[in-house]
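Please keep the sequence and the 3D view at hand while reading.

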Amino acid sequence: DTLVGGTGTDTLTASFAAAHTATVNSTGIEVFNLTTTTGATTLNFASATDITKITNTGSTADLTLNNIGSIPTSVDINTDNGNTTTINFKDSAMSGTSDDFLINLDGVTGTIAVTRTAGASNTLETISLNSKSVTNTIADLQTTGATTKLEITGDQALVITAALDNDVVTIDGSAATGALTFTTGTGTVTA
């Protein structure tokens with residue numbers, strides 16, 4: 001079955017109370033609001049189109065979003081309770097020459113992993129982190145192979161506890177007004 005949205009902005013809200021794996025078949029549904037509790041949830045978005053925003057909100061277990069076919073306007077992570085959010089892109093999603101993937105942070109304390117499907121050769125030109133509402137602490141920002149540039153914005157402090165991956169060699173925090181705390185990897189970094 002395929003979920004089909006109508007005109008305007010359509011929102012699907014789903015809460016998973018136990019470990020769950022599913023394939024999302026949708027078209028015309030622009031916003032996904034997701035919460036996972038008790039057990040890890042893995043969703044395959046290979047057959048979902050027209051997505052502009054995904055929100056992971058109030059989850060108390062890991063959430064994995066696989067095979068996203070295009071770069072959404074943003075992925076928002078709201079109160080992750082120290083768990084891991086994994087965002088995995090198809091190679092075709094990253095085929096542009098100026099891809100900028102925005103992650104809005106609001107009460108983050110866990111790990112964020114941005115990955116590519118197996119065999120992918122394209123990368124995201126920029127991953128942007130917007131720290132808002134409260135101080136956000138990313139336990140580990142995992143981006144190996146996904147990007148070489150990190151941009152940080154927002155009016156709240158951002159702490160990235162683990163060292164950045166070695167292939168992040170450009171960091172731009174000029175638009176951030178909150179305090180920034182992070183450690184670079186072993187690559188030669190331009191800030």
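Leu141 is buried, with a relative accessible area of 2%; buried means under 20% relative accessible area, exposed over 50%, and partly exposed in between, computed with a 1.4 Å probe on protein chains only. The model is a predicted one, in which local features need pLDDT of at least 70 and side-chain atom pairs count only at pLDDT 80 or more, while totals for chains, interfaces and linings use all residues. Residues are numbered from 1 along each chain as its sequence is written, and side-chain values use heavy atoms, with hydrogens and water left out.

Leu141 belongs to strand 14 (residues 141-142); helices (H or I, at least four residues) and strands (E, at least two) are DSSP runs numbered from the N terminus. Not counting residues up to four places away in sequence, Leu141 touches Ile112, Leu129, Leu150, Ile160, Leu164 and Asp165, where contact means heavy atoms within 4.5 Å. Its C-alpha atom is separated by 9.9 Å from that of Thr84, a residue 57 positions away along the chain.

In soluble globular proteins, nonpolar side chains tend to be buried together.

Phe45 is in contact with Val24, Phe32, Leu34, Ile51, Leu65, Asn66, Asn67 and Ile68, leaving aside its neighbours within four places in sequence.

How many aromatic pairs does the structure hold? There are 2, a pair being rings of Phe, Tyr and Trp (its six-membered ring) with centres within 6.5 Å; planes under 30 degrees apart count as stacked, over 60 as edge-to-face and the rest as tilted. Phe32 and Phe45 form an edge-to-face pair, at 5.4 Å centre to centre and 85° between the planes. Because Phe32 lies in strand 4 (residues 31-36) and Phe45 in strand 5 (residues 41-48), this pair ties together parts that are 13 residues apart in sequence. Phe32 is buried at 2% relative accessibility, and Phe45 is buried at 1%. Phe89 and Phe101 also pair edge-to-face, at 5.0 Å centre to centre and 85° between the planes. Phe89 lies in strand 9 (residues 84-89) and Phe101 in strand 10 (residues 100-106), so the pair links parts 12 residues apart in sequence.
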